[in-house]
Amino acid sequence: MELQKFYYDNKIVKAFYIATVVFGLVGMLVGLTAAIQLFYPIFNFNLQYTTFGRIRPLHTNAIIFAFVGNAIFGAVYYSLQRLLKTRMFSDLLSWVHFWGWQLIILAAAITLPLGFTTSKEYAELEWPIDIAITIVWVIFGINMIGTILRRRERHMYVAIWFYLATFVTVAVLHIVNSFEIPVTFFKSYSWYAGVQDALVQWWYGHNAVAFFLTTPFLGMMYYYLPKAANRPVYSYKLSIIHFWSLIFIYIWAGPHHLLYTSLPDWAQSLGTVFSIMLIAPSWGGALNGLMTLRGAWDRVREDPVLKFIVVAITAYSMAVLEGPLLSLKNVNAITHFTDWIVAHVHLGALGWNGFLVFAVLYWTIPRMWNTTLYSKKMANAHFWLGTLGIIFYALPMYVSGLTQSLMWKEFNADGFLVYKNFLETTVAILPLHMLRAIGGSLYLTGFILMTYNLIKTAYAGKFIANEEAQAAPLAKEYVATSGGWHYRVLENKPILFTVLSLVAILIGGIVEMVPTFLIKSNVPTISSVKPYSPLELHGRDIYIREGCVGCHTQMVRPFRSETERYGEYSKAGEFVYDHPFLWGSKRTGPDLARVGGKYSNSWHYNHLLAPDAVSTGSIMPSYPWLFEQTINLDLTAGKINALRKIGVPYAENYEATANEDLKKQATEITSSLKADGIETPSDAEIVAVIAYLQRLGKDIKAEKVAEQP
Amino acid sequence: MEKNVLQHIDHIATWPVISFIIFFLFFLCLLWWVFTVDKKFIKEMSELPLQEDLKDSTPKNPSV
């Protein structure tokens, strides 16, 4: 058959890779800053835009969606064209995708420090940006599926399966988790409340890891590893089983983020069971990767690309064994809410994602510029800096996590908590946090070295914007080269394939969600749990804006060490009006679920103004702007209306009189402060925050009082 | 607790059974497919990423 000449689009790949490197640097720099803030609070700069609570989501979003996201797109655009022997479907769509994504990143970089956040982890961006993400993601999907439809290669290689599953699943996850009711252009409330919200969020959060940080990277592994090793993957059959079992099982495991919380037990158990099952496909895939190098291990010594890939797959295997173990309730009881989880996440992010991206960059850039790498030595130095960086990051965090956990749980012979003051457990781990920052710096230094090396490589070569290639067109009629019908069931039917992947991931989601969506009417009702007062609502929104949830949980688990320290364990019925839920995932500071009434108003006032002065050694930043900024009363009615629409039982027309209640409650707080010698205007934001904090956990105490004869 | 929740959905008991059957069958078919598929086809598929290096004229494995 006659060969057709065509050109691969390298320009779009180049654009995505430049963005990868730029945002990698930015994201890691922000991460390093956040790490330093945890032992030198002065690096919060006393500015609201740079406090830990606001830049932590900036770091996670920059790394996940900007650094890793752009790397995925670059790798997909490079490998898809070559695997299908065609140019991308539409250059225009490619560029709309590229610029659309960068604009979303820019919007995130502006809105997150400004405090516009939904507070749901890795889904912090507010609703207009959520819509933009949906549109750009669909454009990416159209461009990818369009390319597949006009391919010159009959069969879809397994890497493309992973790309398709990524597209389909991320679309579903993003849309379901982003259901929110807008109040203003940059403020919304999650559609779901409490337990439901938590389940949806962690179904999303877990699968963001699965389908944004894992499946596209497995696709990349299946393409770039054979290329770099110059040999086919160890077992293509295994890769087929790997794909289907991984995407089917992964989608069920989300609830393991909510063990021992108020989520119903059956959902927790489901999460645990599927997490354990995940070991099989994950290790199957990792072994398939490592075994590809059989007989070529000598080359790993010389080739930095292979070195990075080997460590990436090794980090992946460790992280995917650790994950299921952390999902066992007995292990989770020790590790959850501690630095252990931070170590686990970074083993994946720095080792698996980071190192695989580095390998892909070192492999691709010389090829696209038709040259060789500027300095192999420098790449090797990067490899060692990165590896040491990972070790120096992860080890201190493991030790820190265990230390924290054991200190939280230690009782003396008389049955009292040894470290009654939470702060002691925080101060104890600060040296380990310093070590972690050193690990991060080493990793970042390696990254900077790579940037220099790649720039020098590009300058030494000549960029091939359109790379010439030749292939025969696809015959209209399929002529089987190797036997019966069942060889082409799926590999040459992209649409059917996509639909099947969608069905596979939907079943897990639906079986978990449907019962939990109906839980609302079944959660044991606690009659004393009432909607937040208008002032508390404002306070709660400020709590969300400042990212308090990044360090403080609101979930007392049913352990004696926790009920002793914080009070009664949290019940599902307590959160029915919480849009969004604020259970948190990490305790850098103490849990706040029962903080209401524990301290005086003036204690909170002084503590938020100068935490260190009230609790010596505290690493919490101070919040001076809460004392200057005023509560926006114009928003009260809109907030009440929005919440009523999604089921919070505020009385009809309450929005008309809500501000009167708000002022009344504010005056009560300011007069109590005055009694302690503190003068503050009743419309200052701090008053709303105090009102909210004093409300936390109070409802259930009222229940107790009512029960007494 | 879970009974309380689940009783409110009609025929809920059949849901997990149906899901289980669907996936059990799917994986049985998948395994059957994988174990019976022609080796030549699998070889072709696994060599897809390497094809361009064999055929086209663009830079051939510049050493890194």
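In which loop is the place of Tyr122(A)? Tyr122(A) lies in the loop of chain A between helix H3 (91–114) and helix H4 (127–149), where helices (H or I, at least four residues) and strands (E, at least two) are DSSP runs numbered from the N terminus.

## Basis of the model

This is a predicted model, in which local features need pLDDT of at least 70 and side-chain atom pairs count only at pLDDT 80 or more, while totals for chains, interfaces and linings use all residues. Residues are numbered from 1 along each chain as its sequence is written, chains are lettered from A and ligands numbered from 1 in the order in which they are written, and side-chain values use heavy atoms, with hydrogens and water left out.

## Backbone features

Tyr122(A) is not a glycine, yet its phi is positive, at about 65 degrees. The relative accessibility of Tyr122(A) is 14%, so this residue counts as buried; buried means under 20% relative accessible area, exposed over 50%, and partly exposed in between (1.4 Å probe, protein chains only). Phe45(A), also a residue other than glycine, has a positive phi near 60 degrees. Phe45(A) is placed in the loop between helix H1 (11–37) and H2 of chain A, and counts as partly exposed at 46% relative accessibility.

The peptide bond between His579(A) and Pro580(A) is cis, with omega about -5 degrees. Pro580(A) belongs to the loop between H20 and H21 of chain A.

## Largest pocket

The largest pocket has a volume of about 910 Å³. On a 1 Å grid over the protein atoms alone, a pocket is an open set of points with protein on both sides within 12 Å along at least five of seven lines, whereas a cavity is a set of points where a 1.4 Å probe fits but cannot get out; lining residues have an atom within 4 Å of a point. Grid points are joined across faces, edges and corners, and a volume is the space filled by probe spheres set on the points.

The lining of the largest pocket comprises 42 residues, and those nearest its centre are His552(A), Pro590(A), Leu592(A), His607(A) and Met620(A). Two or more lining residues come from each of helix H2 (52–84), helix H16 (422–427), helix H19 (534–545), helix H20 (560–566), helix H21 (601–609) and helix H25 (685–695) of chain A. H21(A) gives the largest share, four residues. By class, this lining holds 23 nonpolar, 13 polar and six charged residues, where Ala, Val, Leu, Ile, Met, Phe, Trp, Tyr, Cys and Pro count as nonpolar, Asp, Glu, Lys and Arg as charged, and the others, Gly among them, as polar. Domain 1 (1–155) and domain 2 (534–707) of chain A each supply at least three residues of the lining of the largest pocket; the domain bounds come from an automatic or database domain assignment.

## Enclosed cavities

The structure has nine cavities of 30 Å³ or more. The second largest cavity holds about 230 Å³ of space. Its lining has 23 residues, with Ser119(A), Glu121(A), Glu124(A), Val549(A) and Gly550(A) nearest the centre.

H2, helix H6 (194–211) and H19 of chain A each provide at least two residues of this lining, and the largest share, four residues, is that of H2(A). The lining of the second largest cavity divides into eight nonpolar, eight polar and seven charged residues. This cavity lies between domain 1 (1–155) and domain 2 (534–707) of chain A, because both give residues to its lining.

## Aromatic contacts

Over all chains there are 70 aromatic pairs. Rings of Phe, Tyr and Trp (its six-membered ring) pair if their centres lie within 6.5 Å; planes under 30 degrees apart count as stacked, over 60 as edge-to-face and the rest as tilted. The pair of Phe383(A) and Trp384(A) is edge-to-face, because the ring centres are 5.1 Å apart and the planes stand at 80 degrees. Phe383(A) counts as buried, at 6% relative accessibility. Ring pairs also link a cluster whose members include Phe16(A), Phe65(A), Trp95(A), Trp137(A) and Phe212(A).

A charge sits over a ring if NZ of Lys or CZ of Arg is within 6 Å of the ring centre and within 35 degrees of the ring normal. The charged end of Lys14(A) is placed over the ring of Phe463(A), 4.5 Å from the ring centre. For Arg587(A), the charged end sits over the ring of Trp408(A), at 5.8 Å from the centre.

## Chain B

Chain B contains four helices and zero strands. Of its 64 residues, 38% are buried.
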